[in-house]
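Subject: Model for you to look at

Hello,

Here is the model I promised to send over. Please open it alongside these notes.

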Amino acid sequence: MHRKTIVELNTPLRTGEISSVELTQAFLDRIGQYQDLNAFITVASTTALEQAQASDDHRKNRDPRPLEGIPIAQKDIFCTEGILTTCGSKMLSNFISPYDATVIQRFKAAGAIILGKTNMDEFAMGSSNETSFYGPVKNPWAKQAVPGGSSGGSAAAVAAQLAPAATGTDTGGSIRQPAALCGITGLKPTYGRVSRYGMVAFASSLDQAGPMTRTAADAALLLNVMAGFDPKDSTSVDKPAPDYTTTLNDDLKGIRLGLPKEYFGDGLAADVAKTIDKSIEELKRLGAKIVDISLPNSTLAVPCYYVLAPAEASSNLSRFDGVRYGYRAADYDDLNDMYRKTRSQGFGEEVKRRIMIGAYTLSAGYYDAYYLKAQQLRRLIADDFHNAFGQCDVILGPTTPTTAFDLGAKTDDPVSMYLNDIYTIPANLAGLPGMSIPAGLGEDGRPIGLQLIGNAFEEAQLLNVAHQYQQATDHHKQAPKGFE
Amino acid sequence: MQWETVIGLEVHVQLRTKSKLFSGASIAFGAEPNTQACEVDIALPGVLPVMNRDAAYMAVKLGLAIDATINIQSVFARKNYFYPDLPKGYQISQYEIPIVERGKLDIEVDGKKKTIGITRAHLEEDAGKSLHEEFHSNTGIDLNRAGTPLVEVVSEPDMRSPAEAVAYLKKLHALVRYLDICDGNMQEGSFRCDANISMRPKGQEKLGIRAEIKNINSFRFVEKAIEYEIERQIDVLEGGGEVVQETRLYDAAKNETRSMRSKEEAHDYRYFPDPDLPPLMLDDEFIQSTKDSLPELPAAKRQRFIDQYRLSDYDAGVLTTSRELADYYETVAANAGDAKLAANWVSGELAAYLNKESLDLDQAPISAELLGGLVKRITDNTISGKIAKDIFEAMWVGGGDADSIIDSKGLKQISDSGALEKIVDETIAANPGQAEQYKNGETKLIGYFVGQIMKATQGKANPKQVNEILKKKLG
Amino acid sequence: MALDPTDVRKIAELARLEISDSELTIYTHSLAQILDLVGQMNVVDTTGISPMAHPSDSPLRLRQDLVTEQDHREGFQKIAPATESGLYLVPKVIE
């Protein structure tokens, strides 16, 4: 049962061959069986089974809702009422949210079951899941390797089939990069497409939630539920979301796929380059036309991002002060000492590093040289995409420069860790939808992701290309050894 | 040395919306602590701000009323600092591009008119309150006020005396009440003032180093605090010292200002555009409809009072100092049938009674309609002005309307010429000596006769008629 | 741009973080590295480019002025570190 996609699960659920309670229990059992992956921070067994029972009851009396009875793993960045919401941090290690994020409300309203909360880099700051207060997640394809981050728990859970699907959030690649490293499908929608309300903020102008699934068709089903206007989020776009499943089977004949030369230069591992080339050939066979394009400023996306994201984060994380919720240090002399100790003990090293970088670049005398400069550069990077989409419909490239690296390999060198997101960050800066789909395995047997970047609100087109590719290939059907 | 005082004021005007600037929690005053602090106000992880339309509307109203530039696009920025009454660790304010810029307000001190420049007025959210009492060496935090919409009105350093500062504040206070964008309640903190004060040698262009006095909550305290601060700074300067740029607190009980934080760290607020809030854009329609909704402003009302009611510039000025007073006056005038007389009663008798009992206009025991009814009885000769004052006193203590007092106490003026002639005849007959003297040319004695007649009629005789009849009979 | 331990101490204080001496060395090193990385931005001339603060150009949406929130103090304060009489408690604030 765990091998089935959501599309495939819908039939036995509908016919009554299996109940949601049985399905949910099966995944709960699997989560227990593969605990060593450390993919979950919280397994919500009791509430999940209650929800599954309620869903089975609902199905008896009424028409099934879009994700009726489907268990979903939620990244621990979404506030879930009554369930621990830690964001991978000691700071929120005791935080039981009094409210549901809009995304969570939408899943509940769609009949989905919340299996549990997945592990993640602390406050989504990381590319390897090693900054989590709850310890690193192991990559199901190679347990000595990282699953990627920050949605590493979600990616590992889907890859190991501990859940049919999961949610992630992507600020600089946190859906696409772990999706690539774990061999699954991940979609970061256009900024504003999915509500950020109730999603613990990392960098508000970049954060966006999206689905992490085994197939593009499943991603379309999840996005149908997640996408839509939310009056509680001032950056949510008041524009109806299409039914993403209806265009999955559109013909790719004549579609123009742009290959940015900057994504194929130095630093791209040979095995990744070769695999991406093969994917391009496959898409050509499906009728796509290949166009060479250039995104000249994208090479500076990483420096730009490491000004903007930490600056916003330094401010967003000021609310964690030990006054109203979350961790408070046990001993302190006075108010400022309480602040300092609470925040120093509550945050991990990487989070503190980014808070400090952010505070520095925003501080008096440095704002123009760093923050303003980065915002100007952001404009240039966005303009590059705008120009590129005059020549092509979808941009294609690798998701990451290499396959998954080993745990601990980059923990002492933040900058080399940051450079992992070199291909994913540009789409965040431009606010564009991006997707990673499995494209094969590297020389080390670890997965490689093919990245698709679309124009604003063209998620349907990305899903269409991804689905057609998946109809013609079976990379997405591969399961890591030991999890079949 | 001759010193010149330079004063700039920053006024926090709490907007009279129903809900907060960025959340749907109530801003009603006086609720139990933290019962009006919703998930957005207490800054739970993941919450986001959504802007209140009426707050923008009210800020634009103010901008239009002070002849300011309304910025079609303004930007919310985060002001970052740690304080327990600031739940997010930043205040959402406007920094580089405020909603309102470059306005002005005309003031009048001792008959001299002066224009005070207003640098900017920006929207921002209020902080919560820290309560320092009774929590065993702890401070209690109430976040009900957190997120309440404010407009901060920043003046140019254009004021040169405490009197000018107070005049400006009163003018601004009256204006926000006129516009109905603030309840103006200074005790509850709806209208708070910070004063920037510096001294410079007379004739010098360059500004001196300023001290900022925070949160002064009455006009009187503003005057006192500035007076104190001027003296303090002159003492420092003449003693050869330098004024320290710092924040000071006014202690009303001791009538002094004192430094707020001795080791105040250098603030570095790290302002940057709030990524949760796209730029606030106002279209022409929004501005036009706001313009159309503006009430008559003080200056226009003052001119209308002069034109319509034939009042003097001074009287019109007095009666338009507040919207309530102007409205009160207009109701009195409408009921009285004599606008000028109505003005005299409102700024005379009524003002005197209010002043004597330290009451605000809305606490006056006599409604405008009732006062109008009283003045009407003077206008139509039912009573004399003198009797009217007695009736006013009776009305003040709850004696009802003028007509019923006149009836029940028989105070109706005697205007019947037959009856008056009879009284005049009797009075002349009772004072033959004085009548003789009058006839011999001592016409001043007419006053004596009027007095006698008024005494005999308990003031009810119509004095004008009595005069005429006396002249005829004695002549 | 050079960054010394004194700068790091200052930033840490601004961000209300307590940094031990051993951590100070680590942070000074890694923050300097990151500043080197972001310094690469300077190869591009951005004179006259309008800064991009938001990914979309849409204006701020305004909501109607309505009270839509109820009192949830009890639930909110259940998860608070210290409260009394409905107030959040913090070490004495000295003014």
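A polar contact here is a pair of N or O atoms within 3.5 Å; within protein, one of the two must be able to donate a hydrogen and the other to accept it. By that rule, 17 residue pairs are in polar contact between chain C and chain A, both residues at pLDDT 80 or more. Keep in mind throughout that this is a predicted model.

**Chain C with chain A**

Three elements of chain C give two or more residues to the side that touches chain A: α1 (5–14), α2 (21–39) and β3. The largest share comes from α2(C), with 10 residues. By class, that side of chain C has 36 nonpolar, 6 polar and 7 charged residues.

In all, 49 residues of chain C and 66 residues of chain A take part in the contact. The size of an interface is often given as the accessible area lost when the parts come together. For chain C and chain A, that comes to about 5100 Å². Carbon and sulfur atoms carry 69% of it. Within chain C, the residues that lose the most area to chain A are C:Met41, C:Met52 and C:Arg61. Together they make up 15% of what that side buries.

Which charged side chains meet across this interface? The rule finds 2 salt bridges between chain C and chain A. One salt bridge joins A:Arg340 to C:Glu13, with N to O at 2.8 Å.

**Chain B with chain C**

Chain C also touches chain B. Here 53 residues of chain B are in contact with 32 residues of chain C. The two chains bury about 3800 Å² between them, and 59% of that is on carbon and sulfur atoms.

How many salt bridges cross between chain B and chain C? The rule finds 0. Polar contacts do occur: 22 residue pairs, both residues at pLDDT 80 or more. On the chain B side, the elements that give two or more residues are β2 (51–52), α1 (53–65), β10 (138–142) and β17 (280–281). β10(B) gives the most, with 5 residues. By class, this side of chain B has 26 nonpolar, 14 polar and 13 charged residues.

**Links within chain A**

Over all chains, the search finds 53 salt bridges. One of them joins A:Arg256 to A:Asp393, with the closest N and O atoms 3.2 Å apart. A:Arg256 lies in strand β7 (residues 256–260) and A:Asp393 in the loop between α12 (368–388) and β9 (394–398), so the pair ties together parts of chain A that are 137 residues apart in sequence.

Over to you.

Best wishes

Conventions: Residues numbered from 1 in each chain as written. Chains lettered and ligands numbered in written order. Predicted model: local features only at pLDDT ≥ 70, side-chain atom pairs only at ≥ 80, totals over all residues. Heavy atoms only, no water. Contact = heavy atoms within 4.5 Å. Buried area = accessible area lost by both parts, 1.4 Å probe. Salt bridge = Lys/Arg side-chain N within 4 Å of Asp/Glu carboxyl O. Polar contact = N/O pair within 3.5 Å; in protein donor to acceptor, adjacent residues only side chain to side chain. Helix = DSSP H or I, 4+ residues; strand = E, 2+ residues; numbered from the N terminus. Nonpolar A, V, L, I, M, F, W, Y, C, P; charged D, E, K, R; others polar.
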